[in-house]
Amino acid sequence: MLIFSFKEGHDGSIAAIDDGKLLFSLEAEKDSFPRYAGITAETVTAAAGRLDRLPDVIAIGGWVKGTHSVERPSRTGYFGVGDGAVSDEAGRFFGRDVRVFSSTHERSHIMTAYGMAPFANRQPAYCLVWEGNIGDFYRIDENGAVEHLRHVLADPGNKYAWLFALADPKFPVSKGLLRLQDAGKQMALTGFADKGPLTMAEKEVIDFILAQEGIILQLSKEDMKWSEFHDVGVESQAYKNVAAKLSDAIFDRFHDYAREHLTEGLPLLISGGCGLNCEWNRRWRECGLFPEVFVPPCPNDSGSALGTAIDAQLHHTGSAKVEWDAYAGEEFVHDAEFDSRRYETVPLDYGEVANHLADGNVIGWVQGRWEMGPRALGNRSILAAPFSSEMTTRLNKIKQREGYRPIAPICLESDAHRWFEGSIPDPYMLYFSRVTTEELAAVTHVDGTARAQTVTPEQNPRIARLLEAFRERTGFSVLCNTSLNFSGRGFINRTSDLIEYGERHGLDGYVVGDTFARRRAV
């Protein structure tokens, strides 16, 4: 059975599953389109071009006719897991009879995690969906039936990011505005917090934010001018401190419920955009309440087309299990050549590239198909040596990011215990670990943590070979790894963009497939 699935709205994507195997998951933002883009003609054309026949099922994720989750529903809509949350009807697609399936956006998150989980088939599990608008627990039984357990907190992701908006003098005062990038910035800034008891001003603002319903549409910054954190500045110590305490307060709401009620010893699945919060993921993994915790590499809306496809497969076959690989995007497009006057181009030699990196150079690294989800996992990466804080500064300048943003490491899984402890292995860069050496300054955040991706030769043989070569040269199978993208856009996916990016931001070389191109000395 071939299922062709669509997720509209922000983080638009298209996925296809054929007889239980993921064929692709294409996100509209990739190939240098704007971050969080909706489905484009390019996405539809690319997806259709990868199919060798017409699908049996068209799966359409429930959404809204507008911007906000409370607007009129499209298909099955945004919320719900029970009656009305799934529809299936006869339809036509390019002149052929098909089934047209839809399920809610809420279910798409649940099914992304459930279908991708590495557990045995028919394994019951708990699921936590926390994202901008949903903050709920569920139980999934051995047949894939979803039982809603508890609505814990409205708008956890929006409430988390709201504090950044409150503190940022650049954020507009109007209601209804949301900057999707703020949550990631706040996650970085919480690492700078001073430990200490909750002050009255901190308690007041945290309690007020958590008590809101529909915080984006119903609250303006001007409604909180009473708070001493209003326009205080996101790099102020006062903001960093209260941001960390808000983070703790949100997590504790969910953890308190889980500790009291999720007592069957089942694994925990985590999905929704808050599943990208590495500190919260670390706490779930280390809390001792669950035998296993699984977060997919695309827990945010980038995985929702896949989640709806999994739900359609469950509906039609009784099985949600999917065979998948994180590198499920498009192949790199070779649409330009490296200018021989500016670049020396040679066949890829891993030792030579390792030496180039060890000498302090920064390269763009491109292999195979792009990664699903927002994290660079070794196929669309900027790589550099991990040893100096100066490298952190240089990489953030290349990336046009704020100086407080950390740089993540990529490491051989077999060596990870030598330099990191805690939440490893971590193949999808979703947990914070503690760094146990001072020699990895470029990838150590101010609080001593790192978001370390661990890789094996089976998972990604080419990046693993490079890490082995770098270990032979330096003793460390660790590199800086940050995503290869223009600021505010998805991963670069064509040579012309790669060269333009490198020229604009000062990359020292590129590896594209089996080719190593390095800048000639002037």
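Strand S16 and strand S22 (residues 478–483) pair in the antiparallel sense, over 4 bridges. Strands here are DSSP runs of E with at least two residues, and helices are runs of H or I with at least four, both numbered from the N terminus. Two strands count as paired if DSSP finds at least two bridges between them. Within this pairing, Ile-382 stands opposite Thr-482 in S22. The model is predicted: local features need pLDDT of at least 70, side-chain atom pairs count only at pLDDT 80 or more, and totals for chains, interfaces and linings use all residues. Residues are numbered from 1 along each chain as its sequence is written, and side-chain values use heavy atoms, with hydrogens and water left out.

S16 also pairs with strand S15 (residues 363–366). This pairing is antiparallel and again spans 4 bridges. Here Gly-364 stands opposite Ile-382 in S16. S16 (residues 380–384) is mostly covered, with 5 of its 5 residues buried. Buried means under 20% relative accessible area, exposed means over 50%, and partly exposed lies in between (1.4 Å probe, protein chains only). In a regular strand the side chains alternate between the two faces of the sheet. Both faces of S16 are covered. Arg-380, Ile-382 and Ala-384 are buried on one side. Ser-381 and Leu-383 are buried on the other.

A mixed sheet lies elsewhere in the chain order. It is open and holds 5 strands, in the order S11-S10-S9-S12-S13. Strand S11 (146–151) and strand S13 (293–294) stand at the edges. Each has a single partner strand, so one side of each is left without a neighbour in the sheet. Strand S12 (residues 268–271) and S13 run parallel and are joined by 2 bridges. The bridge partner of Leu-268 in S13 is Val-293.

An open sheet of 3 strands is antiparallel, in the order S18-S19-S20. Its edge strands are S18 (420–422) and S20 (449–450), each pairing on one side only. Strand S19 (residues 433–435) pairs with S20 in the antiparallel sense over 2 bridges. Ser-433 stands opposite Ala-450 in S20. The loop between S19 and S20 contains Thr-437. Thr-437 is buried, at 17% relative accessible area. A polar atom of the Thr-437 side chain lies 3.1 Å from the backbone nitrogen of Glu-439. A polar contact is a pair of N or O atoms within 3.5 Å; within protein, one must be able to donate a hydrogen and the other to accept it, and residues adjacent in sequence count only if both atoms are side-chain atoms.

Helix packing was examined next. Helix H5 (residues 200–210) and helix H7 (residues 237–261) pack at an angle of about 45 degrees, with their axes 10 Å apart. Axes are lines fitted to C-alpha atoms, for helices over the stretch in contact, and angles run from 0 to 180 degrees between N-to-C directions. H5 and H7 are therefore oblique to each other. Angles under 35 degrees count as roughly parallel, over 145 as roughly antiparallel, 65 to 115 as roughly perpendicular, and the rest as oblique.

The cysteines were then checked for disulfides, meaning pairs of cysteine sulfur atoms within 2.5 Å. The count comes to 0. Cys-298 is in no disulfide, and the nearest cysteine sulfur, that of Cys-127, is 13 Å away. Cys-298 is buried, with a relative accessible area of 1%. Cys-411 is likewise in no disulfide; the nearest cysteine sulfur, that of Cys-480, is 12 Å away. Cys-411 counts as buried, at 0% relative accessibility.
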